[in-house]
Structures are given as structure tokens and as C-alpha cells.
Amino acid sequence: MSATGRMPRLLALVPYLLARPGIKITDAAADFDVSPKQLRKDLELLWMCGLPGYGPGDLIDLSFEGDTIVVTHDAGMNRPLRLTGGEATAMLVALRALAETPGVLDADAVRRAIAKIEAAAGQAQPSGIVVGGGVREGKKTARTREAVRAALTAKRALRIRYYTASKDEITERTVDPMRLLIVQAVGYLEAWCRRAGDVRLFRLDRIDELTVLDEPAVPPAHARPTDISDGVFRPRPDQQEAVLVLDPDARWVAEYYPCEELDELDGGRLRIRMRYADESWMVRLILGLGGDAQVESPATLREAVRRRAADALARARHLASTYEQ
């Protein structure tokens with residue numbers, strides 16, 4: 001499901017549901033020409049959208065009774081839109097970024113919207129930051145985002161200490177910031193990475209340390225923005241593929257790591273497909289979930305998890321027997 005197809009539906013969902021309290025999910029899905037499963041995903045995303053602050057009372061709230069939906073808090077989406085100066089600027093930044101994004105269905109319509117907002121709000125001069133709503137982040141990530149925003153405005157390079165989840169490693173890099181992105185409620189820094197010699201996306205919540213350097217950010221002329229029309233994750237040929245079943249307490253894995261959701265199962269469990277390059281890292285991840293994840297495939301990964309767990313248990317028994325003696 002592309003972002004360009006999903007966004008208009010998300011914008012239309014709240015007014016639609018307000019006008020039809022208690023409508024069945026199957027009926028609403030049919031009206032929007034999507035599957036009930038996709039509509040549930042849209043509704044889960046709406047829970048993260050709302051007014052600045054993004055706390056209780058700020059976000060859209062929905063109530064499910066059986067197979068029906070009711071909007072219990074619309075976060076102001078029932079009122080005509082009135083933009084403040086700051087909101088107009090943010091809208092201009094997002095629209096300009098959208099106009100430059102490959103795959104936009106109607107770039108002319110985007111440019112007409114930009115012209116109308118500029119005429120109403122004056123000529124704003126935003127600093128090239130892509131903004132988005134519904135972002136939930138901790139204080140540390142918020143501070144990181146503000147530091148990145150300042151570096152973008154000042155056009156300064158950054159030194160970052162970054163955790164790469166897929167390799168389970170921390171590296172230090174010097175980067176030339178290009179823009180801030182918010183994709184599916186997750187913040188990213190897009191920058192030219194001098195270590196990799198290429199454009200990279202860095203999740204803000206995985207930047208452990210950040211220093212704004214006293215040198216200009218100068219991405220090479222051939223550096224191009226990443227095409228995120230189909231998401232930020234691009235599978236690589238060297239990666240293996242695992243199918244996991246996550247218990248409710250482990251569903252965070254599907255949000256934190258790049259993966260594809262396959263099925264909603266009974267009891268709140270979730271089946272996902274997840275790619276990985278390092279089997280030992282994947283084994284540690286699964287064992288760290290303490291039994292809240294089961295490996296359906298491949299058999300080699302399932303056996304590696306079983307063997308590592310058995311070895312750990314044998315060592316624990318040996319230590320226990322040594323202590324007793």
C-alpha cells in the first residue's frame with residue numbers, strides 16, 4: 001500500500017466515521033475499497049495522529065465494539081481548518097517535499113496548493129525540513145531532532161554515534177545532513193555518510209550521541225534524496241528471511257525493526273516476515289524475547305535458537321552444581 005494512496009483515505013476516515021457512528025468495519029472497508037485488515041491498520045495509525053503535544057486528549061481516539069467503530073475523540077477534525085503562521089509554514093515544507101518526491105500522482109495539484117497557502121500566509125522561508133503528525137518520541141529523541149533541525153538550518157555537519165539494529169553494532173560517523181523525514185510516525189535523518197560514501201537514513205531514536213561540528217555540511221552534487229514512496233526499507237540479496245509469530249508482549253518488534261506483517265492471529269499474536277543478514281544476531285533477538293517469539297521458518301534458524309538455548313541451560317546447570325559443591 002503506497003503512501004500516496006493511503007494518505008487521502010486517512011484524511012477522509014475521521015469525517016466519514018463521525019457521520020456514521022457504529023458502522024461495521026466490513027462496511028467501511030467496502031466503501032473505501034480496501035480489505036478489513038487494511039482498514040484496521042489505518043485505524044491503528046489514526047490512534048497516533050492528533051494535535052501537537054500528542055498526549056492524552058490530543059490524539060484521535062476510537063472505540064471498537066464487536067465489529068463496529070465509533071470515533072470518541074476527533075482531535076478537532078470536525079472543525080473547518082484554520083492554519084496559524086507556524087502551521088502554514090509546516091504545511092508548505094511538507095508540500096514542497098512532496099512535490100519533489102518521485103511517484104507523486106498529481107504534482108501540479110501539489111504546486112497549486114503551495115501557491116494558495118503562500119498567497120494566504122505570505123512568503124515563508126522554511127529550512128528544508130520534512131514534517132509530519134502523530135510522532136511519539138521520548139525526550140532524548142526530541143532533543144536529537146531539535147539538534148538535527150539546528151544543524152540543517154545552520155548547514156553544519158554532524159558527528160553521530162549510531163546503533164545499527166540489523167548488525168547489532170554501534171559506529172561513529174560524520175555526516176552531512178540533507179533533510180529530516182517522518183515515515184510511518186518514525187523520525188529519520190537523511191544525510192550523506194562520509195564513512196559509507198553514500199546517502200543514508202538514520203533513525204533518530206537510534207542516535208546515541210550527536211555533536212554539531214564547526215564545519216559546513218556539503219553533500220556531494222550527485223547525492224540524491226531517497227525514494228521513500230514504498231517505505232524506507234530496501235531488502236538486500238544477502239539477507240535471509242524468517243517468519244516469526246510474536247506474542248502480544250513482543251509485538252514491538254514489528255514496529256522497531258523492518259519487517260512485513262503477514263497475519264493477525266488469535267490472542268493478539270502477530271505473524272511477521274523479517275529479513276536478517278547475521279544469524280547469530282537474530283538468535284540473540286529471539287532468545288531475548290523470553291519465549292514471546294516462535295520461529296516458523298527457516299528450520300536452520302529454529303535449530304540454531306534451540307541449540308543456543310540448550311547450551312545456555314547446560315551452562316546454567318553446571319554453574320549451579322559448582323556453586324552447590
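Which residues is T141 in contact with, leaving aside its neighbours within four places in sequence?

1. The model is predicted: local features need pLDDT of at least 70, side-chain atom pairs count only at pLDDT 80 or more, and totals for chains, interfaces and linings use all residues. Residues are numbered from 1 along each chain as its sequence is written, and side-chain values use heavy atoms, with hydrogens and water left out.

2. T141 is in contact (heavy atoms within 4.5 Å) with L204 and D205, once neighbours within four places in sequence are set aside. T141 lies in helix α6, residues 139-154 (helices, H or I, at least four residues, and strands, E, at least two, are DSSP runs numbered from the N terminus). T141 counts as buried because its relative accessibility is 15% (buried is under 20% relative accessible area, exposed over 50%, partly exposed in between; 1.4 Å probe, protein chains only).

3. T171 sits in strand β5, residues 169-183, and is buried, at 8% relative accessibility. The side chains of T171 and R173 form a polar contact of 2.9 Å (a pair of N or O atoms within 3.5 Å; within protein, one must be able to donate a hydrogen and the other to accept it, and residues adjacent in sequence count only if both atoms are side-chain atoms). Not counting residues up to four places away in sequence, T171 touches I160, R161, Y162 and R195.
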